[in-house]
Amino acid sequence: METIDTQTWIILAGIVVLAMIAVGAWFVYQKKQSHKLQERFGPEYGRTVSELGSRTKGESELKAREKRVERLEILPLAPPEAARFSEAWQALQGRFVDNPKGVVVQAEQLVRELMAKRGYPMGDFERRAGDISVDHPDVVANYRAAQAIAVRDQRGSADTEELRKAVVHYRALFDELLEVREPRQEIIVEKRVAAR
């Protein structure tokens, strides 16, 4: 009888050890996942976790963003399109002194147009910011800051310096989104097709 009891204890001890190993592995996995998300999203990770009230909810939201953006077809711009957007931005900046309020509105519109051209969906602001945070986490804070100033401006409570900062914030996002397709790749492909 004592042999069965000893064998039972050994089996139970083995089960407990395996369970502890499984729990330990799960914690290590979760920690790696958290670290990976923190690395990818930078300050947006902390903002999302804080806004949603827990690490689990925040990380779930960030993973959902990643999955949503994976399904999108985000495309770089062709060089002529990039040039058109750059020229539009230069013209916009040149009008700031004469019409700072109007330029902030135009800057937001130009950023939205650029996002749409690249393939980002144009849902509400939080959805746009969330989508941007997946590929451009370093500048999404600029987008949020610019939007906050634009909202204050709509209420009549933003001064000219804040409006200037909004344009600077929009510019940071604009520059990041102005990804251009390399023309040399297109030329190589065209030459190969022509050679056949």
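Pro137 is buried, with a relative accessible area of 14%; buried means under 20% relative accessible area, exposed over 50%, and partly exposed in between, calculated with a 1.4 Å probe on protein chains only. Pro137 lies in the loop between helix 6 and helix 7, where helices are DSSP runs of H or I with at least four residues, numbered from the N terminus. Leaving aside residues up to four places away in sequence, Pro137 touches Arg40, Phe41 and Ile132, a contact being heavy atoms within 4.5 Å. The C-alpha atoms of Pro137 and Glu44 are separated by 6.4 Å, although these residues are 93 residues apart along the chain.

## Basis and confidence of the model

This is a predicted model, in which local features need pLDDT of at least 70 and side-chain atom pairs count only at pLDDT 80 or more, while totals for chains, interfaces and linings use all residues. Residues are numbered from 1 along each chain as its sequence is written, and side-chain values use heavy atoms, with hydrogens and water left out.

The pLDDT is the predictor's confidence in each residue, from 0 to 100. The chain averages a pLDDT of 87, and 90% of the residues score at least 70. Over residues 184-196, pLDDT stays under 50, and the model has one contact beyond four places in sequence for them. Where pLDDT is low, the predicted coordinates should not be read in detail.

## Helix 4

Helix 4 (residues 79-94) contains 16 residues. Within helix 4, Ala82, Phe85, Trp89 and Leu92 are buried. They cover an arc of only 85° around the axis, so they are on the same side of helix 4; the arc is that of the directions from the helix axis to the C-beta atoms. The face turned away from this buried side carries the exposed residues Pro80, Glu87 and Gly94. The buried residues of helix 4 pack against helix 5 (100-118) and helix 8 (160-177).

## Nonpolar cores

A nonpolar core is a set of buried Ala, Val, Leu, Ile, Met, Phe, Trp, Tyr and Cys residues joined through side-chain atoms within 4.5 Å. The largest has 32 residues, and Trp89 and Val111 are among those with the most contacts inside it. Helices 4, 5, 6 (125-135), 7 (140-154) and 8 are the elements that give two or more residues to this core. A second, separate core of seven residues includes Leu37, Tyr45, Val49 and Leu62.

Terms used: Expected span 1.5 Å × (residues − 1).
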